[in-house]
Every structure is written in structure tokens, then in C-alpha cells.
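Please study the sequence and the structure shown below.

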Amino acid sequence: TKLGQAYIATGDNPDMARSFGINTGRMELMGLVLSNGIIALAGALIAQQEGYADVSRGIGVIVVGLASLIIGEVLFKSLTLAERLMTIVVGSIAYQFLVWGVIALGFNTSYLRLYSALILAVCLMIPTFKDKYLKGVKFSK
């Protein structure tokens with residue numbers, strides 16, 4: 001539809017969409033409303049299934065999702081959409097192994113969120129480390 005094409009154009013290139021007369025502010029608002037509506041529906045379905053709702057319930061899911069994205073993006077670069085989705089799955093598995101490793105090493109599990117944050121911080125530092133220290137290093141296949 002015209003609305004869908006305007007929405008896609010705004011996401012791809014807002015400046016070009018604006019030059020075509022598309023109200024990009026309205027399209028961005030529509031995207032936020034739609035995504036938050038889907039999130040609210042998912043939360044309502046989970047609360048209905050479980051029989052209760054907890055305000056801190058989604059925090060762990062957000063951290064795992066963020067970790068999966070970061071680890072997948074750090075390990076692999078410039079991929080197609082299908083390959084990128086696979087890297088997210090690989091990142092999720094790698095994150096779970098890292099958390100399992102922290103637990104297996106005998107660290108206090110009360111600080112598991114702190115350990116998760118440290119794992120994410122290290123993963124975010126990897127690209128900078130690679131660019132700074134491994135710039136001239138050639139890896140053979």
C-alpha cells in the first residue's frame with residue numbers, strides 16, 4: 001500500500017522520503033506505536049498464560065537479546081539478512097556458554113547480572129581491540 005511504501009521509505013532513507021513529501025515524523029510515530037503495541041500484546045499474552053504479571057520479568061530477556069546481537073555482530077561482519085539471523089542464534093548460544101562458564105568457575109550467582117554486564121562490555125570492546133592491536137596482522141585461511 002502507499003502507507004506501507006511510505007513507511008519503508010522512511011526507514012530506508014528519511015531525507016529522501018521527506019523530499020518526496022512523506023511526513024517522516026508521522027511514519028516514525030506509526031512505527032513506534034505499532035512496535036509497542038505488539039510488545040504490549042506479547043506481554044498481555046504471557047501474563048494471561050502465567051496468571052500474573054511482574055514488572056521486572058522482561059529484563060533478562062532484553063539482556064539475552066542484546067547480548068546475542070552484540071556477540072553476533074562482533075564475531076561476524078557485513079552479512080546478508082539470513083546470515084545475520086544465524087549470527088544472532090550463534091551469539092545467543094555463545095552468551096549462554098559464557099554465563100555457564102561464570103557459574104562453573106564458582107562465582108557467586110547473586111552477582112549474575114553484574115557478570116552479564118561485564119561479558120557485554122568485553123564483547124563491545126573486542127572491535128576496538130581488533131582495530132587497534134591487530135590492524136596489520138594478516139590471518140591465513
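In helix α3, the residues T24, M27 and G31 are buried, where buried means under 20% relative accessible area, exposed means over 50%, and partly exposed lies in between, with a 1.4 Å probe and protein chains only. Helices here are DSSP runs (H or I, at least four residues; strands are E, at least two), numbered from the N terminus. The cover over the buried residues of α3 includes α1 and α2 (14-19).

The model is a predicted one, in which local features need pLDDT of at least 70 and side-chain atom pairs count only at pLDDT 80 or more, whereas totals for chains, interfaces and linings use all residues. Residues are numbered from 1 along each chain as its sequence is written, and side-chain values use heavy atoms, with hydrogens and water left out.

How far apart are the end C-alpha atoms of α3? They are 39 Å apart, which agrees with the 39 Å that its 27 residues should span at 1.5 Å a residue; the expected span of a helix is 1.5 Å times one less than its number of residues. Just after α3, G51 takes a positive phi of about 90°.

T24, one of the buried residues of α3, has a relative accessible area of 8% and is therefore counted as buried. Leaving out residues up to four places away in sequence, T24 touches T10, P14, A17 and R18, contact being defined as heavy atoms within 4.5 Å.

T10 itself lies in helix α1. Because its relative accessible area is 6%, T10 is classed as buried. Apart from its neighbours within four places in sequence, T10 is in contact with A17, I22, T24, M27 and E28. The side chain of T10 also reaches the backbone oxygen of A6 at 2.8 Å. A polar contact is a pair of N or O atoms within 3.5 Å; within protein, one must be able to donate a hydrogen and the other to accept it, and residues adjacent in sequence count only if both atoms are side-chain atoms.

R18, which T24 touches, also takes part in a salt bridge with D15, and the closest N and O atoms of the pair are 2.9 Å apart. A salt bridge is a side-chain nitrogen of Lys or Arg within 4 Å of a carboxyl oxygen of Asp or Glu. A search of the whole structure finds one salt bridge. R18 and D15 both lie in helix α2, three residues apart, about one turn of the helix. An α-helix has 3.6 residues a turn, so residues three or four places apart point the same way. R18 counts as partly exposed because its relative accessibility is 44%, while D15, at 53%, counts as exposed.

Which residues make the nonpolar surface patch? Y7, I8, L34 and I38 form this patch, with an area of about 380 Å². Patches are made of residues with over 30% relative accessible area and no salt bridge; like charges are joined within 9 Å, and nonpolar side chains (Val, Leu, Ile, Met, Phe, Trp, Tyr) within 5 Å. Accessible areas come from the Shrake-Rupley method with a 1.4 Å probe, and for residues only the protein chains shown count as cover. Helices α1 (2-12) and α3 (24-50) each supply at least two residues of the nonpolar patch. L34, in helix α3, counts as partly exposed because its relative accessibility is 49%.

I39 is also placed in helix α3, and at 58% relative accessibility I39 counts as exposed. The C-alpha atoms of I39 and A9, 30 residues apart along the chain, are separated by 23 Å.

With a relative accessible area of 39%, N108 is partly exposed. A polar atom of the N108 side chain lies 3.0 Å from the backbone nitrogen of S110. T109 has its place in the loop between α5 and α6 and, at 48% relative accessibility, counts as partly exposed. The C-alpha atoms of T109 and V99, 10 residues apart along the chain, are separated by 10.0 Å.
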